[in-house]
Amino acid sequence: MKAMAGCALFGAVKMLSGIKDAFVLQHSVVGCNYGTLILQNVHKNYDVRQASTVIYENEVVYGGHELLAKGIREVDKAFCDDAIKVIFIVSGCVPNMIGDDVEGVMAEVACSKKLVHVKAPGYNGDFDSGAETALLSLFSFAKNCSKTEAPSINILGVSADDPYAEQDVAELQNIMGSKVLVNCSLHDTSIEALEKLNAAHLNIVLGNGVKLAQKLEKSFGVPYIQCKYPYGIHGMIDFLHILEEAMQVDFTAECQRLYENGQSLVRKTAYYLSTLYQLPVALVGDKLHLEGMKCFLRDEIGMNIAVCLDVKAGDERNLEQELKSKNAALLLGTGFQRELARKMQLPFVGYCYPLQDQLCLATGLIGGIGTAHLLEMIINSVLQQDYKTDGIYHQLLDGRGDNA
């Protein structure tokens with residue numbers, strides 16, 4: 001498994017972990033459960049709703065049917081009230097290799113909760129394919145509901161492990177106001193909201209969720225559009241223009257406020273931004289965030305994207321060599337690149353999953369205030385970077401560069 005890319009099981013659990021009245025039961029080895037627990041760190045780590053059947057050698061030989069049935073009964077017993085309405089059974093590599101009949105066990109075991117099987121063996125797909133499979137399973141909850149009175153959207157692709165998801169979705173709703181409402185966003189949702197997926201007027205796909213959006217369009221007539229994550233002032237303005245065209249709303253006033261926010265930011269940061277112009281930057285990210293951040297850095301700040309790596313498709317083993325060959329002066333990425341940045345003495349900004357080594361509590365990265373925060377992170381990372389230990393300026397500070 002690639003450290004940054006993960007496997008299908010990780011992608012499935014990632015998308016399901018934001019459903020607050022559901023439980024994720026992994027029918028797999030215990031390591032899968034331990035590994036995916038890290039997804040909870042940036043979400044509600046006080047409310048972890050997942051467990052594992054813990055397959056051992058005995059189940060490999062004789063099958064894991066009894067173990068799965070026991071796991072379902074124990075979860076059902078532990079949550080005998082309505083706090084949990086659904087148990088998602090995510091099956092990993094071993095039960096699918098040995099041929100466990102998961103659906104057969106689900107049909108026979110007595111359980112007061114709805115049971116949904118998500119088949120996600122790591123050998124049969126990567127992070128993104130597991131995420132798509134899990135999202136597609138949510139279609140079974142959609143009921144034939146009436147459209148919301150106000151124009152509304154479902155946001156597909158944003159998940160609970162995204163360190164800035166809560167703040168970003170809240171800021172998006174703040175910008176749109178009452179003109180367009182967020183009907184459902186999977187970073188923090190409920191079964192009741194999933195039942196009303198077709199009540200929205202439009203599905204916004206950010207990263208994963210295309211298959212679910214296509215099925216909702218075919219079955220309920222809910223159109224969908226794929227968008228870049230709306231980083232930056234112009235990124236958000238472009239996003240609002242897309243909504244204007246698709247939903248027949250007017251965001252002229254909102255776009256003007258964003259434009260004025262952008263002018264204010266330029267006045268305050270012009271000196272620093274001029275030093276970043278055409279600076280070679282390395283960008284690492286996932287399908288959800290990468291393209292939007294690339295556009296922000298290149299088109300709004302004017303930086304030179306020297307290295308751009310999708311953590312799901314690229315090979316991070318060559319990243320260090322690429323950073324050296326392209327003379328990257330700044331690295332934006334996930335928590336996995338922080339040590340590499342430290343090793344190469346590069347300024348570093350962590351902006352997307354996996355980001356387990358910093359807290360993100362107050363401010364997101366989109367809209368006027370989010371763009372200000374993002375600029376702070378980028379500029380401060382450069383300002384606070386120590387001189388390289390082998391550089392001439394550090395030698396001068398140490399008194400060793402008199403003859404240089």
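Student: Leaving aside neighbours within four places in sequence, which residues is Q50 in contact with?
Tutor: Keep in mind that this is a predicted model. Beyond those sequence neighbours, Q50 touches V13, F23, V24, Q26, N33, T36, L37 and Q40. Q50 itself sits in strand β2, residues 50-52.

Student: Is Q50 buried or exposed?
Tutor: Buried counts as under 20% relative accessible area. Q50 has 9%, so it is buried.

Student: What polar contacts does the side chain of Q50 make?
Tutor: One goes to the side chain of N33, at 2.8 Å. Another, of 3.0 Å, links it to the side chain of T36.

Student: Now helices: how are α12 and α16 packed?
Tutor: A packed pair is described by the angle between the two axes and the distance between them. For α12 (residues 252-276) and α16 (residues 367-383), the angle is about 5° and the axes lie 10 Å apart. Angles under 35 degrees count as roughly parallel, so α12 is roughly parallel to α16.

Student: Which residues make that contact?
Tutor: Among them are L258, L265 and Y272 of α12 and T371, L375 and I379 of α16. By class, the contact has eleven nonpolar, five polar and no charged residues.

Student: Which way do the residues of β5 point?
Tutor: In a regular strand, side chains alternate between the two faces of the sheet. Here S152, N154 and L156 point one way, I153 and I155 the other, and all are buried. Strand β5 is therefore largely enclosed by the rest of the structure. Four bridges join β5 to β6 (residues 181-185), and the two run parallel. I153 has V182 as its bridge partner in β6.

How values were computed. Residues are numbered from 1 along each chain as its sequence is written. This is a predicted model: local features need pLDDT of at least 70, side-chain atom pairs count only at pLDDT 80 or more; totals for chains, interfaces and linings use all residues. Side-chain values use heavy atoms; hydrogens and water are left out. Buried means under 20% relative accessible area, exposed over 50%, partly exposed in between (1.4 Å probe, protein chains only). A polar contact is a pair of N or O atoms within 3.5 Å; within protein, one must be able to donate a hydrogen and the other to accept it, and residues adjacent in sequence count only if both atoms are side-chain atoms. Contact means heavy atoms within 4.5 Å. Axes are lines fitted to C-alpha atoms, for helices over the stretch in contact, and angles run from 0 to 180 degrees between N-to-C directions. Angles under 35 degrees count as roughly parallel, over 145 as roughly antiparallel, 65 to 115 as roughly perpendicular and the rest as oblique. Ala, Val, Leu, Ile, Met, Phe, Trp, Tyr, Cys and Pro count as nonpolar, Asp, Glu, Lys and Arg as charged, and the others, Gly among them, as polar. Two strands pair if DSSP finds at least two bridges between them.
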